[in-house]
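Visitor: I would like to walk through this model with you, one question at a time. Where shall we begin?

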Amino acid sequence: MFLRFIIRKLRFLSKNRHSVCDNTTESNNNEQPHVSTMKKQIHENLDCLKDMLSGSNDLKIHPFRFGPDPQLAGAMVFIDGLVDNATLTEAILRPVTGWQPDKKTFPTGQELMDVLAQEILCSGDVRTASSLSELASGCLAGDTAVLLDGCTAGLVVSTKGWDKRSVSEPQSETVVRGPREGFTENLRTNTAMIRRKIKNGQLCVTNMTVGRKTQTDICLIYLSGVADPKVVETVKYRIGRLDVDSILESGYIEEYIEDAPFSPFATVGYSEKPDVVAGRLLEGRVAVVVDGTPFVLTAPMLFIESFQTTEDYYTRPLYASMMRIIRFFGYFITVFAPAIFIALTAFHQELIPTTLLFTIANSREGTPFPVFLETFVMLFAFEILREAGIRLPRPVGQAISIVGALIMGDAAVSAGLVGAPVVIVVAITAVASFLVPNQSDSASLLRVIMMVLAAFVGFYGVSMGFLAVLLHLGSLTSFGVPYFDGFAWMSNLQDSVVRMPLWSMIRRPKDIAHGDITRRRFFIPPMRPYTLQDEDDLEGEGEHE
Amino acid sequence: MNRRLKLVASVMLLSMLMMLLSGCWDNHELDTLFIVTGIALDKANDSEQLDISLQIGKTKSNVSDSDKSNSQQASTIQLKTTAYTMMEGLMEFNRDSSRTLLLHHNQVLLLGSALAEQGIKDHIDLFLRDHEARMEVLVMIADGRADEVLSAKLDQEKISGVFLAREMQDLYAVSPYYKIRMLDFASRLRDGTTSPIAPIVALKETDKKQEIKFNGFAVFKDGKMIGRLNNDEVLGYVWAMGNVKQCGVVTDSDLGRAVFHIINLDTERDVTLRPDGGVRVTLTVDATLNIGELRGFNGMTPKDLMPYLVDLAQNEIRRKITDTFVTAQTLNADIYGVGTSVYREYPKEWKELKNRWNELFPDTELDVQVKVHIPTTGQIVKSLEMEGSKS
């Protein structure tokens, strides 16, 4: 009976999926972009433009007259707030109105448009647009449309200039050593920041626009000759086939293009810092910069990437390696510590040393709930506190942390609701989850699964869960590159659990970089003290003579 | 399609069932367990039966601080019963107690000396068979009633089972042959020629205080306790087995008293068959000693003293080893495993020798060769008395 029920459900699901696909393809076909041609009369064009922008009040139309004894009518159309008023005056109004051409040679029609674009307007970016929708989208992007009476075309002059946040230190990825600048919400600022790190002609920037309603600008950045063309094509294809109405953050893009949407592990990386992105570009990855967010996506992403920080490369290799090993331990602890604790205390008491067993047993004495429930509730409470801490305004946050620390840590134990070891385990789990911030989402998911397994079948369950996670990780790919590739090749191992000295990491990561894979000259260790070197040189010269 | 779906569904169901099948198997919360820290077996009035006594380490909630009387309460629980077999006793305990017994952490199995003399082969089956009762359990013999030793209220440790385990762990650092686990005991029982031994502990009561004293080794043969080694003989046994660290050698002579500290003592055992059919054991003892304390030796210079001391130590070590061997021979108990050594050297002859081992062992010749090095004299060279005589 039950079996049949499940089969019916499965069949229903698979049918449903097909039908959804059909619907979307149909709706795609129905929608056709309408192109409205321009009229000769300027007021007709203006009315039409107004209509296209729903008669919004922030649409400004500034008519002007110019030419010999101002006889020609024109109009500037722009959206208030998106344009820089100084540029508007300097680049369009002043040169056009101040223009004193000869009456006889005065051009008309299309010719006038070209003269204006090429000779008069003081702007570096002037485009001729022949359709009203083109003009409208220009306006919406912050440019100014210039319309002339009697012309069936218009000019789009770049006058973008809205208020934006200045470059500042990112909140999420703070460093002790290394550059402190972070990306901003402005696309061009972000691409410029990457350009400033890699001053090379190979750095290829490709623009795309996604989102029917939001028309979000997206930049694809990669080092041609280093990045794998297949990956570049895949990213381009996956973004290009998107037909969605909005892209508000790079997370939208990430969700649409990732390899494994239902995996707890992210297969697209992100960063808020230009030096991180530049480093990944140099390894042959592709970056996706999305307008309106300081988070830049990078692909393909490997598992090891979550454990690498920029500071690993800025500090000396021994310390960096130690930190990386600690990060691996931290991740292991944050996933498995509660599960192991539950398994030990509820199933495998024989594995605990006798003295420790008595200590734990003493603290468990009189606590009302099973250890699984206790741990689960404490972790749940921690997640609540963390979430509250993020969302609350800063002055209130302190109050929350005090309440959390006192009530959770002290009162719960002294009231006998939870045992002290549980609090310790939860605390170390919570603290360790911040060691690897990129994987903290996968860690909190896996942690719960492992805890449930431990609560049911003890260590057997935990080890089965560990195996399952390992198998899953092994089967994951990111844009065709195996997720565990960081542990696969000797050259990749140099930058995995330990970080070898920079001068010994000669090649870019295998399977990611393609073509120009040599990163450094073969083996350039640091110089020896110069006195020794001089002696060697002298000897060498002596032999030569 | 249908078949594939059916397969997927059945796999899903089966895996779900698998989770439930093993669900919470062996799940015991800590506050539903009695942690057994010691088991004592004694001879009951009815010779068929056993007096079983269990010591349970009491867990105390450290939450209720207001109850000061808590700290004065006993830290152990003693469960007692009389039953035919160990398992029956455990069943009774489990029936009559509020929690499940956890044998994993049992530290010690104490056997009353009366029971040991009667024979213990019948009573330790459970300790070998049950997976919860580990082979690492220490086996000890109590002088008198075992349950009295187990219920001793000690100053050093709250739980006497833990005390015994720690004492043995401490002695293990001196020589691994002090620590007799169930595994060692049972393998000797099975071995046939090698006699099992087990430490003897005795309860001593002075001024309302109870103490547990280490009181030599019990020697078993055919699962019955047939005799004992006193503390001196235990030293002789341990030295004969070798691998000794940090142990004292006490010597007395006409000139003075010297106590040495063993830094390292290794023994090599060599077994040969004598032409007359007997066995000859050669023990080569290689000891590195340190002078621990000197008393007397007036008027001797360090140069004269050192060879004398080496001689003294060698003689003492040889004497103790020989004494113990003689005791073992009079008991006719091969506590050294000489038979096993013979088997290793002469596997073919052993088949025949094995049956005659009871006659051969008392006849075995022992040759002890001791080499003592005293590399240092400690922090001072001469004792104060020696210096005084010089001036």
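This is a predicted model: local features need pLDDT of at least 70, side-chain atom pairs count only at pLDDT 80 or more; totals for chains, interfaces and linings use all residues.

Visitor: With which residue does B:D147 form a salt bridge, and how far apart are the closest N and O atoms?

Guide: Side chains of opposite charge can pair when their charged atoms come close. The partner of B:D147 is B:K80, and the closest N and O atoms of the two lie 3.7 Å apart. This pair links distant parts of the chain, with B:K80 in strand β3 (residues 76-83) of chain B and B:D147 in helix α5 (residues 146-150) of chain B, 67 residues apart.

Visitor: Is B:K80 buried or exposed?

Guide: The limit for an exposed residue is over 50% relative accessible area. Because B:K80 has a relative accessibility of 53%, B:K80 counts as exposed.

Visitor: Which residues are joined with B:R274 into one network of salt bridges?

Guide: B:R274 forms a salt bridge with B:D276, with the closest N and O atoms 3.0 Å apart, and another with B:D363, where the corresponding distance is 3.3 Å. Through salt bridges that share partners, the network joins B:R274 with B:D276, B:R280, B:D363, B:E365 and B:D367.

Visitor: How many positive and negative side chains does chain B have, and how many salt bridges does the structure hold over all chains?

Guide: In chain B the centres of the positive and the negative sets lie 5 Å apart, the sets themselves being 46 positive and 55 negative side chains. Over all chains, the number of salt bridges is 43.

Visitor: Why is chain B described as more spread out than a compact globule?

Guide: Chain B has 13 helices and 13 strands. For its 391 residues the globule rule gives 21 Å, and the radius of gyration is well over that value, so chain B is more spread out than a compact globule. The C-alpha atoms fill a box of roughly 100 × 65 × 60 Å along the principal axes. The radius of gyration behind this description is 27 Å.

Visitor: What share of the residues of chain B count as buried, and what share of its accessible surface belongs to carbon and sulfur atoms?

Guide: Among contacts in chain B with a separation of 6 or more, 67% are between residues 24 or more positions apart. Of the 391 residues, 49% count as buried. The accessible surface comes to about 20,200 Å², and the share belonging to carbon and sulfur atoms is 49%.

Visitor: Which residues have a positive phi although they are not glycines?

Guide: B:D222, in the loop between β8 (209-221) and β9 (224-229) of chain B, has a relative accessible area of 61% and is exposed. B:F297, in the loop between β12 and α9 (302-331) of chain B, has a relative accessibility of 0% and counts as buried. A positive phi of about 55° is found at B:D222 and likewise at B:F297.

Visitor: Turning to chain A, which residues are in contact with A:N45, leaving aside its neighbours within four places in sequence?

Guide: A:N45 is placed in helix α2 (residues 42-52) of chain A and is buried, with a relative accessible area of 1%. With its neighbours within four places set aside, the contacts of A:N45 are A:M38, A:K39, A:L132, A:L147 and A:C151.

Visitor: Where does A:P300 lie, and what is omega for the cis peptide bond that joins A:A299 and A:P300?

Guide: A:P300 lies in the loop between β10 (296-299) and α10 (310-314) of chain A. For the cis peptide bond between A:A299 and A:P300, omega is about -5°.

How values were computed. Residues are numbered from 1 along each chain as its sequence is written. Chains are lettered from A and ligands numbered from 1 in the order in which they are written. Side-chain values use heavy atoms; hydrogens and water are left out. Helices (H or I, at least four residues) and strands (E, at least two) are DSSP runs, numbered from the N terminus. The radius of gyration is taken over C-alpha atoms; the globule rule is 2.2 Å times the number of residues to the power 0.38. Buried means under 20% relative accessible area, exposed over 50%, partly exposed in between (1.4 Å probe, protein chains only). Contact means heavy atoms within 4.5 Å. Accessible areas come from the Shrake-Rupley method with a 1.4 Å probe; for residues, only the protein chains shown count as cover. Lys and Arg count as positive and Asp and Glu as negative; His and the chain ends are not counted. The place of a charge is taken as NZ of Lys, CZ of Arg, CG of Asp or CD of Glu. A salt bridge is a side-chain nitrogen of Lys or Arg within 4 Å of a carboxyl oxygen of Asp or Glu.
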